[in-house]
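Dear colleague,

I am handing over the structure we spoke about, and below it you will find my notes on what was found. Please read them with the coordinates open.

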Amino acid sequence: MSAQPAPITLNEISWPDYQGLDSFAKAGLFQHKGRPYHALLPQQFDRPMLDRIEALATMIRKIAKTRGGMNYLQSLLSEKRAMLYFAQPSTRTFLSFYAACQITGLHCAEVRDAHTSSEIKGESQEDSVRTFSSYFDLIIMRHPAGGFAERIAWMLSHTDRPVPVINAGSGKDQHPTQALLDVYTLQRSLEKRGGVAGKKIAFVGDLARGRTVRSLAWLLTLYEDVFMYFVAPETLQLGEDVQALLQSRKVSFTLTDDFEAVIPEVDAIYMTRIQDEWDTAHESNLIDTSKFHFEERHLKMLRPDAILMHPLPRRKEIAPEVDADPRAKYWRQVRNGMWVRTALILMMFDRDTEIDRYYHDLTRD
Ligand code: NCD
């Protein structure tokens with residue numbers, strides 16, 4: 001008996017079979033002709049794709065500086081419509097995508113509160129999203145349930161009108177577009193020193209439940225010789241699944257709870273907040289997290305050319321006095337996110353080569 005051929009598209013696989021795949025096999029199902037059709041998992045991005053998104057983001061940022069350039073950008077997707085389906089609190093990621101849509105001319109509509117929809121009449125979330133998808137050409141989705149965006153992409157791929165889906169944060173598991181903007185910020189901020197390759201990067205805080213950490217740690221494995229420190233109280237340390245993924249990529253890393261020993265060692269620090277919305281019995285209150293805060297006095301310990309990042313929102317992880325230091329890059333991350341998301345959307349709709357042409361003409365002597 002001959003073996004079954006491997007599934008090549010999302011609509012050729014059952015949901016249970018899909019769930020049985022590892023993240024790399026899943027990610028392969030989201031690509032179409034060398035570009036992301038969906039953007040759901042960080043594992044679907046390889047190094048050439050990251051380099052491309054970074055280059056596009058930089059060109060878009062420069063084109064957007066003039067009125068003519070902005071008008072041009074706004075013509076690129078003016079015939080398309082996007083739905084922002086955000087079933088979990090969000091303002092910054094929501095607005096970042098909203099702004100990215102505006103830059104490309106994509107018209108958007110939002111669903112923020114499922115309670116105002118027919119879900120209150122007992123409709124399933126899947127039926128709601130399928131109904132709404134009929135009006136749009138792209139779904140940008142944040143949801144508290146891990147894997148929900150994947151389920152929607154799978155479900156729509158079995159209809160006669162599939163629509164691309166972007167994961168804007170799913171449960172505790174992944175936040176791929178945050179990782180894209182984080183990598184872009186690292187590359188830009190460390191540009192003079194050759195970018196991310198060969199750097200030491202520390203992740204600090206709630207590494208067990210922070211989806212931005214899970215996504216970014218993976219993307220960093222695509223750069224040569226990165227060393228990672230995971231700095232957290234024992235109960236909030238990085239999950240074994242991510243550790244196994246890093247080991248499979250032969251990435252060197254260490255787990256520690258000694259933040260002050262790590263600060264002088266690294267080229268970048270990625271702070272995160274305690275994700276206590278996932279507590280079942282306020283257990284975070286029992287953990288002393290003060291040792292995992294970056295205070296003003298720590299600035300002296302940080303290398304002069306190192307950078308400090310945070311996906312935001314922050315609580316007490318970074319003292320406000322630190323904000324004025326040029327090594328604090330978290331506000332830069334926010335702005336970069338808008339350009340990176342614009343680049344991703346244009347790439348998904350196969351309009352990115354138009355950016356190359358326009359930029360080439362703009363910068364020609
Ligand atoms: C992050 C998230 O939602 O996971 N925020 C964001 O998207 N910028 C981080 C967090 O909420 O702590």
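The ligand lies between domain 1 (10-174 + 337-348) and domain 2 (176-275 + 284-334), because both of them give residues to the shell around it; the domain bounds come from an automatic or database domain assignment. Please bear in mind that this is a predicted model, in which local features need pLDDT of at least 70 and side-chain atom pairs count only at pLDDT 80 or more, while totals for chains, interfaces and linings use all residues. Residues are numbered from 1 along each chain as its sequence is written, and side-chain values use heavy atoms, with hydrogens and water left out.

The shell around the ligand is made up of Arg92, Thr93, Arg142, His175, Gln178, Arg211, Thr212, Arg273, Gln275, Pro311, Leu312 and Pro313, where a residue counts if one of its heavy atoms lies within 4 Å of the molecule. These shell residues divide into 3 nonpolar, 5 polar and 4 charged, with Ala, Val, Leu, Ile, Met, Phe, Trp, Tyr, Cys and Pro taken as nonpolar, Asp, Glu, Lys and Arg as charged, and the others, Gly among them, as polar. Helix 5 (92-104) and helix 9 (211-220) each supply at least two residues of the shell; helices (H or I, at least four residues) and strands (E, at least two) are DSSP runs, numbered from the N terminus.

As for polar contacts (pairs of N or O atoms within 3.5 Å), an oxygen atom of the ligand lies 2.8 Å from a side-chain N or O atom of Arg211, and a polar side-chain atom of Arg142 is 3.0 Å from an oxygen atom of the ligand. The side chain of Gln178 has an N or O atom 3.4 Å from a nitrogen atom of the ligand.

Turning to the backbone, the peptide bond from Leu312 to Pro313 is cis, with omega near 5°, and Pro313 lies in the loop between strand 11 (307-309) and helix 12 (330-348).

Conventions. Polar contact = N/O pair within 3.5 Å; in protein donor to acceptor, adjacent residues only side chain to side chain.
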